[in-house]
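Subject: Structure handover

Hello,

Here is the structure I promised to pass on. Please look through it first, then read my notes below.

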Amino acid sequence: MSLRAPSADSVTRIARALLLPLLGLLVFVFAWHIAARNIDTSLGKFPGPTQVYEQSFGLIADHQRERGREAAFMERQEKRNAATLAKDPGAEVRLRNYTGKPTFVDQIGTSLVTVLAGFALASLIAIPLGILIGLNGTLYAALNPLIQLFKPVSPLAWLPLVTMVVSALYVSDDPMFAKSFVTSLITVSLCSLWPTLINTAVGVSSISQDLKNVSKVLRLPFMTHVLKIAIPASIPAMFTGLRLSLGIAWMVLIAAEMLAQNPGLGKFVWDEFQNGSSDSLGRIMVAVLVIGIIGFMLDRAMQLLQSRISWDKNAVVR
């Protein structure tokens, strides 16, 4: 079986897909390196690519050391409990959770869980409501002033109100979730639901007249019309809103964590800024790059999901 040589067009496409992004990254890193060498701050030189590379491994090493301390802590408890049970088989023993300082990796996990929970809550509200106001012009006219009123409100304005409301209403001796998590989740949801709501409403209201006529001729029930006509026809607009909402949710979460000192990447950045050590700027720059990479990966994930769900497989998704 002979192997066919790739065509010139294939080679050109691969080169454009790989070399141009690589060239853009190299130009960026070079410009960053030159600019960092010429910026002096109160904490020293602005971190360049080399410093960020070193700090990245330092943060990973910190995480591994912390996990080692946690394992040793749990092992000591297990040995102590085993000795206690050996002396008195009826003794009540318990394992306490490790309460060490969250590492950079821990903060990434906390932020990801919070943003996905807030985005899911916002989508559960925005998609059904967007479908309803897209199908009903009267409902749209009634709700549109509220949408336009609350859509531009900054998370910095919502956060104090949400914090006070959560503190007043979320009172429990054994809460399922931490108040900081609930506060960040609600703030993210309030700020990120509008793009999905508006785009879903626009997508549903823009369904072609032919599809509407088919639904009328077949006398489809309301839910069948929604599931078979409205949702499939509005998926491109709906996913445009979901991708915008997810990007906003990620930005809002980092700002909310910094302002409210809730656990997550935003708190990590603020703590490093307050720390003021010679490594702080490098660690903050690592966090900035990680925030950007995670935002990019979240958007790619939504794009992949859209390409899988959309009925039009030939549509170009960017």
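R283 and E272 are both buried (buried means under 20% relative accessible area, exposed over 50%, partly exposed in between, with a 1.4 Å probe and protein chains only). Their side chains meet in a salt bridge, 3.9 Å from N to O. A salt bridge here is a side-chain nitrogen of Lys or Arg within 4 Å of a carboxyl oxygen of Asp or Glu. R283 lies in helix 10 and E272 in helix 9, so the pair ties together parts that are 11 residues apart in sequence. Salt bridges with shared partners join D62, R65, E272 and R283 into one network.

Before I go on, some ground rules. This is a predicted model, in which local features need pLDDT of at least 70 and side-chain atom pairs count only at pLDDT 80 or more, while totals for chains, interfaces and linings use all residues. Residues are numbered from 1 along each chain as its sequence is written, and side-chain values use heavy atoms, with hydrogens and water left out. Helices (H or I, at least four residues) and strands (E, at least two) are DSSP runs, numbered from the N terminus.

More on salt bridges

The whole structure holds 11 salt bridges. R283 has another partner in D62, with the closest N and O atoms 3.0 Å apart. That pair links distant parts of the chain: D62 sits in helix 2 and R283 in helix 10, 221 residues apart. D62 is partly exposed, because its relative accessible area is 23%. R283 has 17% relative accessibility, so it counts as buried.

R243 and D299 also form a salt bridge, at 3.0 Å from N to O. Here too the pair links distant parts of the chain, with R243 in helix 8 and D299 in helix 10, 56 residues apart. R243 is buried, at a relative accessible area of 14%. D299 counts as partly exposed, at 22%.

The core

Which residues of the largest nonpolar core touch the most other members? They are F104, W250, L265, V290 and I294, out of 38 residues in that core. Helices 1, 2 (49-87), 3, 5 (155-169), 6 (179-205), 8, 9 and 10 (280-309) each supply at least two residues of it. Helix 8 gives the largest share, 10 residues. By definition, a nonpolar core is a set of buried Ala, Val, Leu, Ile, Met, Phe, Trp, Tyr and Cys residues joined through side-chain atoms within 4.5 Å.

The surface

L132, L135, L139, F222, M223 and L227 make a nonpolar surface patch of about 540 Å². Helix 3 (104-135) and helix 8 (222-260) are the elements that give two or more residues to this patch. The largest share, three residues, comes from helix 8. Patches are made of residues with over 30% relative accessible area and no salt bridge; like charges are joined within 9 Å, and nonpolar side chains (Val, Leu, Ile, Met, Phe, Trp, Tyr) within 5 Å. Accessible areas come from the Shrake-Rupley method with a 1.4 Å probe, and for residues only the protein chains shown count as cover.

Why does L139 count as partly exposed? Because its relative accessibility is 32%.

V113 lies in helix 3. V113 is exposed, with a relative accessible area of 51%. From V113 to A237 there are 124 residues in sequence and 26 Å in space, C-alpha to C-alpha.

Helix 1

Helix 1 (residues 8-37) has 30 residues. From its first C-alpha to its last, helix 1 reaches 42 Å, close to the 44 Å expected at 1.5 Å a residue. The expected span is 1.5 Å times one less than the number of residues. Where does helix 1 bend? The bend is at R16, by about 30°. That angle lies between axes fitted to the seven residues ending there and the seven starting there.

Two loop residues

R219 has a positive phi of about 50° although it is not a glycine. R219 is in the loop between helix 7 (209-217) and helix 8. R219 is exposed, at a relative accessible area of 74%.

Q261 is also a residue other than glycine with a positive phi, near 60°. The loop between helix 8 and helix 9 (265-275) holds Q261. At 30% relative accessibility, Q261 counts as partly exposed.

Best wishes
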